[in-house]
Amino acid sequence: QVQLVESGGGLAQAGGSLRLSCAASGRTLSNYAMGWFRQAPGKEREFVVGISRDGGGTYYADSLKDRFTISRDNARNTVYLQMNSLKPEDTAVYYCAAGRVVWASVVLTTISEYELWGQGTRVTVSS
């Protein structure tokens, strides 16, 4: 259906910023709620943030809502994750995910609700 490709990961210093992108090819993202997850070495994949189809609804993991911001541009088939005030514990592979939903305002917050995944982009934050 939709192929997701993440980009923008790399090295950052503590306190710095990175902007991740998730670009879709093949189909439009307009029918999908989108989300970002991350997975550190030896840890399970965890929820970061989700955004509704129309961009009007968002939900952040409790520890990240003050530093991370999700946005989407359906016309460009792209979703973004702006990460500010980065900490070493943010080091992980970040994955973009899409879940087909009927309602434009719904936000998906669990792994099981997403059906499409990108390959991930690695973020490393040094102290």
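**Notes on the model**

1. In this predicted model, a polar atom in the side chain of Arg 53 lies 2.5 Å from the backbone oxygen of Val 102. Arg 53 belongs to the loop between β5 and β6. Is Arg 53 buried or exposed? Arg 53 counts as buried because its relative accessible area is 18%, and the cut-off for buried is under 20%.

2. The surroundings of Arg 53 can be listed by contact. Leaving aside neighbours within four places in sequence, Arg 53 is in contact with Ser 30, Asn 31, Tyr 32 and Ala 33, with Arg 72 and Asn 74, and with Val 101, Val 102, Trp 103, Ala 104 and Val 106. Leu 64 is 11 residues from Arg 53 in sequence, and their C-alpha atoms are 21 Å apart.

3. Thr 58 is placed in strand β6, which covers residues 58-60. Thr 58 is partly exposed, at a relative accessible area of 38%. Not counting residues up to four places away in sequence, Thr 58 touches Gly 50, Ile 51, Ile 70 and Val 107. Between the C-alpha atoms of Thr 58 and Val 5 there are 21 Å, with 53 residues separating the two along the chain.

4. Next, the disulfide. How many disulfides does a search of the whole structure find? The search finds 1. The bond joins Cys 22 to Cys 96, and the two sulfur atoms are 2.1 Å apart. The link of Cys 22 and Cys 96 is left-handed, with -80° about the S-S bond. Distant parts of the chain are linked by this pair: Cys 22 is in strand β3 and Cys 96 in strand β9, 74 residues apart. Cys 22 is buried at 0% relative accessible area, and Cys 96 also counts as buried, at 0%.

5. The aromatic rings come next. A search of the whole structure finds 5 aromatic pairs. One of them is formed by Phe 37 and Phe 47, an edge-to-face pair with 5.6 Å from centre to centre and 75° between the planes. This pair links distant parts of the chain, from Phe 37 in strand β4 (residues 32-39) to Phe 47 in strand β5 (residues 46-51), 10 residues apart. Both Phe 37 and Phe 47 are buried.

6. Phe 37 also forms an aromatic pair with Trp 117, and this one is tilted: the centres are 5.0 Å apart and the planes are at 55°. Phe 37 has a relative accessible area of 0% and is buried, whereas Trp 117 is partly exposed at 26%. Ring pairs join Phe 37, Phe 47, Tyr 59, Tyr 114 and Trp 117 into a cluster.

7. Two arginines lie over tyrosine rings. Arg 19 is over the face of Tyr 80, 4.1 Å from the ring centre. The charged end of Arg 45 sits over the ring of Tyr 95, at 3.8 Å from its centre.

8. The largest nonpolar core has 30 residues, of which Leu 4, Met 34, Trp 36, Leu 81, Met 83 and Tyr 94 touch the most other members. At least two residues of this core come from each of β3 (18-25), β4, β5, β7 (68-73), β8 (78-83), β9 (92-100) and β11 (121-126). Not counting residues up to four places away in sequence, Met 83 touches Gly 16, Ser 17, Leu 18, Leu 20, Arg 67, Phe 68, Tyr 94 and Val 123.

9. Two backbone angles deserve a look. Asn 77 is in the loop between β7 and β8 and is buried, with a relative accessible area of 16%. Ser 85, which is not a glycine either, has a positive phi of about 50°. Ser 85 is found in the loop between β8 and β9 and counts as partly exposed, at 40% relative accessibility.

Conventions
Residues numbered from 1 in each chain as written. Predicted model: local features only at pLDDT ≥ 70, side-chain atom pairs only at ≥ 80, totals over all residues. Heavy atoms only, no water. Phe/Tyr/Trp six-rings, centres within 6.5 Å; stacked < 30°, edge-to-face > 60°. Helix = DSSP H or I, 4+ residues; strand = E, 2+ residues; numbered from the N terminus. Buried < 20%, exposed > 50% of the residue type's maximum accessible area, 1.4 Å probe, protein only. Lys NZ or Arg CZ within 6 Å of the ring centre and 35° of its normal. Core = buried A, V, L, I, M, F, W, Y, C linked by side-chain atoms within 4.5 Å. Contact = heavy atoms within 4.5 Å. Disulfide = S-S within 2.5 Å. Polar contact = N/O pair within 3.5 Å; in protein donor to acceptor, adjacent residues only side chain to side chain.
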